[in-house]
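Dear colleague,

I am passing the structure below on to you, together with a written account of what the calculations found in it. Please read the notes alongside the coordinates.

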Amino acid sequence: MLSFIAKRFFSGFMIIVGVVIVVFFLFFALPGDPVSMMVGQRTDDITREAIRKELGLDQSLPAQLYLYFRDLSPVSIHKDTPQEQQKYDYTSLLCFGESVLVLKVPYLRRSFQTNRKVSEIIGEKLILTVILALAAMFFATIVGISLGVMAALRQNTFWDHFIVTNSVVGISTPSFVAASLVSLFFGYMLGPYLGLNGIGSLFVTGIDGRELHLENLILPAFTLGIRPLAIIVQLTRSSMLEVLSQDYIRTAKAKGLSYYKVIFKHALKNALNPVITAISGWLASLLAGAFFVERIFDYKGLGYETIQAVYNLDLPIVIGATLIVASFFVVVNIIVDLLYALVDPRVRLR
Amino acid sequence: MKLRNDKILWTISFLLVSVGLIRWSGWSTSQISLTNSYLPPFQHHLYWLGTDRLGRDVSAMLLSGYETTILISLPIMLLAAGIGIVLGGLAGYFQKVRIYLLAFLLKVIVVGCLLWEIYITIEAASLGNASIYGWLFICLLGLIWAMIHFLQRKWEKLSFWAFYLPVDQLFIRLTELLSSVPRLVLILCLATLLRPSYFNFGFVVLITYWIPAARLMRAEVLRIKQQYYIEAAKANWLQDFYILWKHALPNALPTIRISFVFGLASLIILESTLSFLGVGLPPETVSWGKMIAQNYQDGQHWWLTFFPVLGLLLVIGSLHYLADYWQEGGRKWW
């Protein structure tokens, strides 16, 4: 088990390194001019040169890659000067002469627009997106499993067809369409009756500081949950039907167990395996899917910030968000794999 | 769900007929008539689905947006599936490839020169000063490549720098790497950095969209390799590429086409999402995503949002329907 964990962590680490390299080459090696993105078109050559030097753009591509990795790595070697200390905000571990081995928060550089640290901005916004994704997943899981069980128990009746048809519609609706329709219908048309807002973030800065508006979570979470909901319904239904046709269910019924005991204790427990796989797989991609939902509902999370940065050509934030979401993917995958290994010994042996 | 063939036919004809319809109908998407702004649908004999704020015809914009969607998504997806089939098939069939370093390096150098020479010659030809020597040089390089290729067997004794290139492992690592960068985020970010154009859009999309088809193809080839007919083909001294093309590919296609259709649906969603955000495609393109983006907050004039949404749902729904038909064991190609 220990060697399995070590192997999994090592491969996850290698994937993150690979992702950094891919992102670096896509964003830095492609034609594009970060300097004019930063200061606009109208500027003199001296300023441009200074900025190029500060961003390290005057160096060769491998040297830039090295600098990039040094900035990102939590443990790295820097020069022992107050400027560097202020730039990276590090804690020194070991000193040798001029340079120092340090421990720091990954330095994702500074925003072109506001000159704030990208890691600060992302850390602030990420939590809102994670709350949104978890709420959506919670909603989708609870409603999806119950609807799926219901459809399986009433197979080939009106309700079964109704649920399955609607889930197909749910899968094929793009998230921005669903978001704009939900926002329009529940937020504006029914808004006064339901007390919901068409747009709004979880925290609203009012006259007396930040206020928590939990009702603003409902519509985005509902919208974001539609797709996973539809998929969970179909998965639960098909795996439930498969389990219900097996022999041990008949045995359980023949022993005289009550209907609900057979369904929930014998059938549902076994039917949920593939569903849990799907749920864990979806959790990471919900983080990415939240981008458009956040944009339309004006929910000021990571996705809103990123799309705003995309419009402002704020490159460091865009790269930072890509890296963060990618590492989230990798971490979630590692956790899921470890859980599998814990539950199913066959995975470990492979 | 029980599916009937005639429904599938309806789906396909719906998808195909509407592509050329805008050219044939003679409607225009750019004609503005301010006297006819915000006409409701089904009331005017010219504007069947109503008009928008500038008096442009919604039905024409709908058809034109459909054409954009299909003409962008279909070629990109075909290319992506092609790349996926080739890479996945090669990875699945040749698990490891024995490589003789010297011959391999020579070949790489020759092929590099060849490609560069072809590029230069074609560029010169397109500028109008083509020369026969360029083409002769290309032929010469080709000859050198063939010589290396056929003499390789003799060099084998000389060259002891032979090693196994784990093609399959490399393939698995590459797909794992590319699929752990979230597709939508990557595409969104790249689409903003590059200038909006069809070519850049295709490039950005292709980076990730070949992966599902490639994975499926690899799994299929691994399955097919175990079959007796492949063994028989090998026993008959057929070439590896011939076996791949003639025996493995036709047996893998029925599975690949499902992933193709799902990929197409997801690409259509992606295209409309990006044009909803106003990113990626040139600004003058008419697209459903853009129609929705311009009008979705306008509850009064419902037809401006309703028809593009309906169109998107119909197209994506019918593609899912087709995939369902194949998944449930339908054998026909339509």
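A:Lys125 lies in helix α6 of chain A, which covers residues 118–153; helices here are DSSP runs of H or I with at least four residues, strands are runs of E with at least two, and both are numbered from the N terminus. This is a predicted model, in which local features need pLDDT of at least 70 and side-chain atom pairs count only at pLDDT 80 or more, while totals for chains, interfaces and linings use all residues. Residues are numbered from 1 along each chain as its sequence is written, chains are lettered from A and ligands numbered from 1 in the order in which they are written, and side-chain values use heavy atoms, with hydrogens and water left out.

A:Lys125 counts as buried because its relative accessibility is 17%, where buried means under 20% relative accessible area, exposed over 50%, and partly exposed in between, with a 1.4 Å probe and protein chains only. Apart from neighbours within four places in sequence, A:Lys125 is in contact with A:Lys300, A:Gly301, A:Leu302 and A:Glu305, contact meaning heavy atoms within 4.5 Å.

The loop between β3 (99–103) and α6 of chain A holds A:Arg109, whose phi is near 70°, a positive value in a residue other than glycine. Most residues other than glycine have a negative phi. In helix α12 of chain A (residues 259–297) one finds A:Ser285, which is partly exposed, with a relative accessible area of 26%. A:Ser285 and A:Leu93 are 192 residues apart along the chain, and their C-alpha atoms are separated by 37 Å.

**Chain A as a whole**

Chain A has 15 helices and five strands, and its C-alpha atoms fill a box of roughly 85 × 55 × 40 Å along the principal axes. Of its 350 residues, 43% count as buried. When contacts in chain A between residues at least 6 apart in sequence are considered, 65% of them join residues at least 24 apart.

**Domains of chain B**

Chain B is divided into domain 1 (43–96 + 166–334) and domain 2 (97–165), with bounds that come from an automatic or database domain assignment. The contact between them takes six residues from domain 1 of chain B and four residues from domain 2 of chain B, and the centres of the two domains, taken over C-alpha atoms, are separated by 35 Å.

The area buried between these two domains is about 360 Å², of which carbon and sulfur atoms give 76%; buried area is the accessible area (1.4 Å probe) that two parts lose on being put together, summed over both. On the domain 1 side, B:Lys96, B:Pro166 and B:Val167 supply 83% of the area buried against domain 2, more than any other three residues.

**Pocket and cavity**

The second largest pocket has a volume of about 1100 Å³. On a 1 Å grid over the protein atoms alone, a pocket is an open set of points with protein on both sides within 12 Å along at least five of seven lines, a cavity is a set where a 1.4 Å probe fits but cannot get out, and lining residues have an atom within 4 Å of a point. Grid points are joined across faces, edges and corners, and a volume is the space filled by probe spheres set on the points.

Of the 20 residues that line this pocket, the closest to its centre are B:Val97, B:Lys107, B:His149, B:Gln152 and B:Phe241. At least two lining residues come from each of β1 (97–100), α3 (101–127), α4 (132–158) and α10 (240–277) of chain B, and α4(B) gives the most, with five residues. The lining also draws at least three residues from each of domain 1 and domain 2 of chain B, and its residues divide into 12 nonpolar, three polar and five charged. In this division Ala, Val, Leu, Ile, Met, Phe, Trp, Tyr, Cys and Pro count as nonpolar, Asp, Glu, Lys and Arg as charged, and the others, Gly among them, as polar.

The structure holds two cavities of 30 Å³ or more, and about 30 Å³ of space lies in the second largest cavity. Its lining residues include A:Asn197, A:Glu215 and A:Phe297, and the lining divides into four nonpolar, four polar and one charged.

Best regards
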